[in-house]
Structure formats: structure tokens, C-alpha cells
Amino acid sequence: MFNVNKKLWSFNFGCLIAGSLVWLVQLGNLAPVPSILHPHTDFILDYYPGLVTAITASLASFLLLTLMHKGFKLCASEHTFWLLLPTLCFVTLTLSIGPFLFLTILYAAIPMLFILLFSAITFRLKAQKKTALYAKAL
């Protein structure tokens with residue numbers, strides 16, 4: 001029907017992921033603190049925003065992977081380089097321009113990159129098993 005340039009769309013989704021890092025960090029910093037944690041001020045100040053950022057980044061990456069797979073018929077293992085390149089460039093740019101923001105960006109970037117790489121490796125291994133079974137059947 002129509003031809004989708006998978007490298008371009010992988011790069012577009014990579015840019016979407018890289019752009020969402022700042023939004024996810026802001027969301028983690030603005031998250032309301034449950035009343036159970038109010039007595040633990042050290043935890044709230046040091047770890048709570050990063051924890052909320054990491055959880056929302058994980059959820060966002062699962063959502064984007066689902067959108068890629070269902071909506072655009074893209075797999076994370078097809079063009080992993082183009083999917084991860086914008087995020088890695090953004091993290092490197094953050095390190096060189098604003099090193100004080102680097103750790104807060106990593107709270108969102110590490111879970112996202114981990115989930116994307118894990119899904120790419122998983123899909124690649126499944127595809128290799130399928131081709132091995134198909135070749136064995138011939």
C-alpha cells in the first residue's frame with residue numbers, strides 16, 4: 001500500500017524519546033509527594049524525584065515501543081542505531097553544555113535506553129530463532 005522508510009521513522013521516534021527526557025525530568029520534579037513519605041525528608045529531597053522520573057520514563061518507553069510496533073509496524077531491533085542516536089547525542093550535549101543537569105537527565109535516559117536495548121535484543125533473538133527453524137525445515 002504505502003512504503004514506510006523504517007530508518008527515518010526509527011530516527012523520528014528516537015528524536016521523540018530524546019525530546020521527552022526534559023519533560024519527564026520536569027514531571028518527576030513536580031510530582032506530588034505522598035503523605036506517607038513526609039517524615040522522610042532526606043528521601044524526598046534526594047531520591048523521590050529521580051524515582052518518579054525513572055518510573056515514568058519506563059512507562060513512556062513501553063508506550064512508545066507499543067506505538068512503534070502496532071501503529072507503524074516498526075521493531076526496535078530493525079534500526080536500533082537510528083533509534084538510539086538522538087538520545088545518545090542529547091545526553092552527550094547535556095554533559096558538555098550543562099554538566100549540572102547531566103545526572104537528572106540520566107534518571108530518565110537510563111531506563112529508556114535499557115528498555116529499548118532489551119527489546120531490540122529480544123526481538124533480534126526471536127527473529128534469529130525463526131530463521132533458524134525455517135532453515136532447518138527446508
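This is a predicted model: local features need pLDDT of at least 70, side-chain atom pairs count only at pLDDT 80 or more; totals for chains, interfaces and linings use all residues.
Residues are numbered from 1 along each chain as its sequence is written, and side-chain values use heavy atoms, with hydrogens and water left out.

Among the buried positions of H5 are Phe102, Ile105, Leu106, Ala108, Ala109, Pro111 and Met112, together with Leu113, Ile115, Leu116, Ser119 and Ala120. Leu103, by contrast, is found in H5 but is exposed, with a relative accessible area of 58%; its C-alpha atom lies 9.7 Å from that of Val91, twelve residues away in sequence. H5 bends by about 40 degrees at Ile105, the bend being the angle between axes fitted to the seven residues ending at a residue and the seven starting there. With an expected span of 1.5 Å times one less than the number of residues, the 39 residues of H5 should span 57 Å, and the 55 Å between its end C-alpha atoms agrees with this.

The axes of H3 (residues 48–71) and H5 (residues 99–137) come within 8 Å and cross at roughly 35 degrees, axes being lines fitted to C-alpha atoms, for helices over the stretch in contact, with angles running from 0 to 180 degrees between N-to-C directions. The crossing is right-handed, that is, the near helix is turned clockwise from the far one by less than a right angle. On the H3 side the contact includes Gly50, Thr53, Ala57 and Phe62, and on the H5 side Tyr107, Pro111 and Ile115. The residues of this contact divide into eleven nonpolar, five polar and no charged, where Ala, Val, Leu, Ile, Met, Phe, Trp, Tyr, Cys and Pro count as nonpolar, Asp, Glu, Lys and Arg as charged, and the others, Gly among them, as polar.

Thr56, which also lies in H3, is buried, with a relative accessible area of 18%, and touches Leu24 and Leu27 when residues up to four places away in sequence are not counted. In the loop between H3 and H4, Lys73 is exposed, with a relative accessible area of 59%, and has a positive phi of about 55 degrees although it is not a glycine.

Conventions. Helices (H or I, at least four residues) and strands (E, at least two) are DSSP runs, numbered from the N terminus. Contact means heavy atoms within 4.5 Å. Buried means under 20% relative accessible area, exposed over 50%, partly exposed in between (1.4 Å probe, protein chains only).
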